[in-house]
Every structure is written in C-alpha cells, then in structure tokens.
Amino acid sequence: MKSIISDPHKDPLGAMMLDYLHGDYEVFAEVASTRFSMSTMSAKTMFRTYAEMDELEREALHLCRGTVLDVGAGSGCHSLCLQEQNVDVDALDISPGCIKVMEKREVKNPIHNNLFSLESGNYTTILMLMNGLGICGSLDGLNLFLQHVRNLLAEDGQIIADSTDLRLLYNDEDEEDESFDDSDYGETEFIITYDTLVSVPFQWIYVGFPVLQMLAEYNGFECQQIATGQNGHYLARMYRR
Ligand code: SAH
C-alpha cells in the first residue's frame, strides 16, 4: 500500500499520458474491474483544461486555499490551474510517467511518492479529484487515511475530495444489481492495460457520502457534502472539529 511504481513497464497510465504528450491524441487505456464491465480511459480526459472540467471540479478548485497537496495529480491538470492562480501546490503521484508528464508541462513541484508514505506536512488543502478518495482502496484504507492525514494537514487544514455513491448510480440507471447489499461499501479491484503494459491489480473504493461522513466524524473531522453531480458523484469537504 505504501509503494510507488518503480518499473515503467507496470505504469500503463503514465505511458499512455506520455504518448499523448508526444502527439498521440487518440490513445486510451483499458480498465478491467471485479465489479464493472470493461471500460476505457482516454488520455484526452486526463489532460482536461479548466474549460473542460465539470462544475464539481471547478467548485473544488475554487475552494482550495493556502498550500495545496494535489494527491494523485495525474497529468497535473488541477495543479496547473492552481499554479495559474498563484496557489502554492505540490503535485503527488506514484506513477513515474505522470511525474515526467508533469515535469514537461512545467508543473512546479511534482513529487514521486505514495500518499501513505508521506510522513509529515503542513498543507492547508489536500485535494483528491476524479473519484479521488478511491486511492484509499477500501473502507479500512479510508479509515487509515483519515488517521494518517492529520500528520499532513495544518491545524486549520481541509480535505477537498470527490467520490461516487454507487447506490445512486444504480438507482439513476434503474439497473438492478443483486450483488449490492448493505455490506457492500463500493470496494473494487482494477487492472489497467495500455498497449503491452499491464498494471498490478489495485484496490479502489467508491464511498457514499453517509459512510464517508460517519468515518470522518469517527476520526474527528467535520464532513460536508459541498456539491452533487450526476450518477451519485459528489464533492466533500472535511476539516478538524
Ligand atoms: N487527479 C487526476 C488523476 C486521477 S487518476 C485527475 O483528476 O485527472 C489517479 C491518479 O492517482 C493516478 O495518476 C495514479 O497514479 C495516482 N495514485 C494512485 N494511488 C496513489 C497513491 N497511493 N499515492 C499517490 N498517487 C496515487
């Protein structure tokens, strides 16, 4: 859980983004998961500009203040928007390809590390976007994150993060998922493939707001739902009580 990707052959996302940066604008990765049907992730999406972002992301960017840690920064799309507004931002990612991409795009402070390996910090805002809480991997991981993040946050710091309530997703689509019951917290496992490159399987979680709020409060955080989007997508803000 604490490692970075050190082998570029196990970094399909990074390789795809590097190809995009070098002019292959149509590239995409395949995403296999234990609970959804096969899907794709286009590089173009990862490089979205402020104008291409949805309301929820824009709101998240507007809420950022002080020194920001962009967790799972990807292509640096959010870090670049913040930099333009003269916000001081560190862009963290486990993927060596993403770090190269961010260096080439002149993101000022890319950091190649794992969120769970950062020992201390004094960030005013910790930003986690594109189902950003998913990085925590599982309900246990989310609980661990909420304990760990105290070491990274300033006293008056905040976490701005999004996730998706799969119950609402299924309702919206009017689709019965018989495997979805009360003990299902939206945990899944993904494998990403790009060209010949295959990621190691990794855990991801989609957590509904009521569960997030319960865990956050348990760990001494106030937790507000700031905005809701389509298909159960929502933005949350957490800060110490
Ligand atoms: N936030 C970006 C990218 C989302 S994709 C956007 O909205 O476009 C998720 C990113 O998180 C990937 O780039 C992946 O390499 C990174 N990541 C996954 N687990 C991580 C961890 N434990 N610590 C830091 N980065 C992580």
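## The ligand and its surroundings

In this predicted model, an oxygen atom of the ligand is 2.8 Å from an N or O atom in the side chain of R48, which is a polar contact, meaning a pair of N or O atoms within 3.5 Å. A nitrogen atom of the ligand lies 3.0 Å from an N or O atom in the side chain of N114, and a backbone N or O atom of L129 is 3.2 Å from a nitrogen atom of the ligand. The protein covers 91% of the 580 Å² of accessible area that the ligand has on its own, as computed by the Shrake-Rupley method with a 1.4 Å probe.

There are 18 residues around the ligand, and R48, G72, D93, N114 and L115 come nearest; a residue is counted here if one of its heavy atoms lies within 4 Å. The shell divides into 10 nonpolar, 6 polar and 2 charged residues, where Ala, Val, Leu, Ile, Met, Phe, Trp, Tyr, Cys and Pro count as nonpolar, Asp, Glu, Lys and Arg as charged, and the others, Gly among them, as polar.

Strands are DSSP runs of at least two E residues, and helices are runs of at least four H or I residues; two strands pair if DSSP finds at least two bridges between them. Strand β1 (residues 28-33) runs antiparallel to β8 and is joined to it by 4 bridges, with E30 opposite T193. Strand β10 (residues 202-205) also pairs with β8 in the antiparallel sense over 4 bridges, and there F202 is the bridge partner of F190.

## A cluster of aromatic rings

Ring pairs link Y20, Y25 and F47 into a cluster, where rings of Phe, Tyr and Trp (its six-membered ring) pair if their centres lie within 6.5 Å, and planes under 30 degrees apart count as stacked, over 60 as edge-to-face and the rest as tilted. Y20 is buried, with a relative accessible area of 13%, and Y20 and F47 are stacked, at 4.3 Å centre to centre and 20 degrees between the planes. This pair links distant parts of the chain, 27 residues apart, with Y20 in helix α1 (residues 12-21) and F47 in the loop between α2 (43-46) and α3 (55-63).

Residues are numbered from 1 along each chain as its sequence is written, and side-chain values use heavy atoms, with hydrogens and water left out. Local features need pLDDT of at least 70 and side-chain atom pairs count only at pLDDT 80 or more, whereas totals for chains, interfaces and linings use all residues.

Terms used:
A polar contact is a pair of N or O atoms within 3.5 Å; within protein, one must be able to donate a hydrogen and the other to accept it, and residues adjacent in sequence count only if both atoms are side-chain atoms. Buried means under 20% relative accessible area, exposed over 50%, partly exposed in between (1.4 Å probe, protein chains only).
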